[in-house]
Each structure stands twice: as structure tokens, then as C-alpha cells.
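Biologist: I would like to learn how to read the surroundings of a ligand. Where do we begin?

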Amino acid sequence: MTIEIKQLNKTYNPDSEYPVHAVQDLTLTIEQGEFVAIMGPSGSGKTTILNMLGGIDTPTSGEVWIEGKDICQLSEKQLIAFRRDNIGFIFQDYSLLPVLTAQENVEFVMQLQGRSEAECQQRAGELLEQVGLTQQKDKRPPKMSGGQQQRVAVARALAPRPRFVMADEPTANLDAKSTAELLDIMQHLNEVEGTTFIFSTHDPRVIKRAKRVIVFEDGKLASDMLQSELATELEH
Ligand SMILES: Nc1ncnc2c1ncn2[C@@H]1O[C@H](COP(=O)(O)OP(=O)(O)OP(=O)(O)O)[C@@H](O)[C@H]1O
Ligand SMILES: [Mg+2]
């Protein structure tokens, strides 16, 4: 599933004295199965872009084509269904439901898709195993470490078998070891299930693991390079 972004713009407070042009004239194609990092200074528009690609936020103008549909043209109801079935989100602060156990947090999104209880249970169990949390599955998030919570969030994001996963600074609150583990898991799922990953980050350790690195400055695309090109660039 290719994502084609055409002439995308997002302006906050357009009618005020100080409109904020958070994203300007962005045109970009991301192919199925890519593992892409978006980097750039604070305020450069990373979160805004991820939210528009994931249909959480609507652009001021432009198009986001996914599977022959411009998602900007979908009704709110269509967008909710599209998001639920195609997109997984991972947030910096994990955003798990504190009253549910790890297992229940992962099952919950599949229940919304109307899957059977048995299927939800089985897939949640498998995913928690893949992220190394079988022992922790009956714990609630407040009793888990940041790294463990973020791994639950990854399992939850992948539970509905989304075609792509958006992660907004997924390692911002993690130590080096948890960051490396999370990247291993994401990379494995990218390779095995072909899930497209698009994640924003400030972290050089994360950038190093991306296959493609897109840099934003002031809401504009500043560079778009493959890891191999980036390595060459840094040497000079
Ligand atoms: N809801 C909003 N209303 C008004 N302005 C906003 C809103 N959200 C973001 N902005 C502005 O849009 C610009 C881009 O913000 P965005 O959050 O996308 O940046 P970012 O690259 O994710 O930054 P950070 O690295 O700090 O997370 C900033 O100037 C920000 O102040
Ligand atoms: Mg941000």
C-alpha cells in the first residue's frame, strides 16, 4: 500500500494575525514495507505530518492517497473505519488504558473491529510473546516500566494487522536498552510482516536504524535520503 502525499499544507489559526504554517507544500511517496524516520527540530512539523497521514488531523489543502483513495476526502465515519483497519499508532507517552491489563489493552482494538473473543485472545497472546511480555500480560500499565509499556503499545498498534504504523517519537521516554529492543521488534515486524513503519525521532540511535531518513525544517522537506546516502553524507 503506497502512500502518496501531494502538495500537502497545514496552517494552524489561518485567520489570525499569526497563522502557523506547520506543513508547507509537501509532496512525498512512501512505498509499502518502508522503514522511514522523520527527523527535524522541535516545531518543524513532524507530529503534524504523522497525524495527517494517519487521518487524526485534516490538512488545510492537499491530498493523501492511500490505496486509490484520497483520505482527506473521506467522511468522519469513513475515516474512523479506515484508521481502525489500516493504521496503527504508537505515541511517545504510550497512551495505554490504565485500567486494562496488557493483554486487554491489545485485545481492545481487535474487539472494536468485531473479531471473535477467541481470535482476539490468541493474537494478543502471540503479539505479547513477540514483544517479550508473556510474563507481564496480566499486569496493568501503571505497574510496568516505560519500555514494557511501549512494547505493549507496539503490540496494540499491530494487533489489527495495520498496513502501516505511525510512531511519534516512540523512544523518547526509553533508556538505551529499551530503545534497542523496541527497534529490534519494529524491524522484525517490518521484515516479517511487511508492515510499513513511519516514525519521528530526535534520537541518533533510532535514525541510524532507519532505511530512509526524511528531514523537515520549518514545515518543509529539507532532505530525503536512504541510510546508505546519509552515511556517505556524514563522512564528508
Ligand atoms: N494545535 C495547534 N495549534 C496551533 N499551532 C500548532 C498546533 N499544533 C502544532 N502547532 C504548531 O505547528 C508547528 C509544528 O508543530 P509540530 O507539533 O508538528 O512539530 P514537531 O516537529 O512535532 O515538534 P516536536 O519535535 O517538538 O514534537 C509548531 O510551530 C507548533 O507550534
Ligand atoms: Mg512532535
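Modeller: With residue classes. Ala, Val, Leu, Ile, Met, Phe, Trp, Tyr, Cys and Pro count as nonpolar, Asp, Glu, Lys and Arg as charged, and the others, Gly among them, as polar. This is a predicted model, where local features need pLDDT of at least 70, side-chain atom pairs count only at pLDDT 80 or more, and totals for chains, interfaces and linings use all residues. Residues are numbered from 1 along each chain as written, chains are lettered from A and ligands numbered from 1 in written order, and side-chain values use heavy atoms, without hydrogens and water.

Biologist: How do the residues of the shell around ligand 1 divide?

Modeller: A residue is near a molecule if one of its heavy atoms lies within 4 Å of it. Here the shell has four nonpolar, eight polar and two charged residues. Ser42, Gly43, Lys46, Thr47 and Thr48 come nearest.

Biologist: Which polar side-chain atoms lie by an oxygen atom of ligand 1?

Modeller: A polar contact is a pair of N or O atoms within 3.5 Å. Thr47 has a polar side-chain atom 2.8 Å from a ligand 1 oxygen. For a side-chain N or O atom of Lys46, the distance is 2.7 Å. For Glu169, it is 3.5 Å.

Biologist: How much of ligand 1 does the protein cover?

Modeller: Accessible areas come from the Shrake-Rupley method with a 1.4 Å probe; for residues, only the protein chains shown count as cover. Ligand 1 has 630 Å² on its own, and the protein covers 62% of that.

Biologist: Which element gives the most to the shell?

Modeller: Helices (H or I, at least four residues) and strands (E, at least two) are DSSP runs, numbered from the N terminus. The element is α1, with three residues.

Key:
A polar contact is a pair of N or O atoms within 3.5 Å; within protein, one must be able to donate a hydrogen and the other to accept it, and residues adjacent in sequence count only if both atoms are side-chain atoms.
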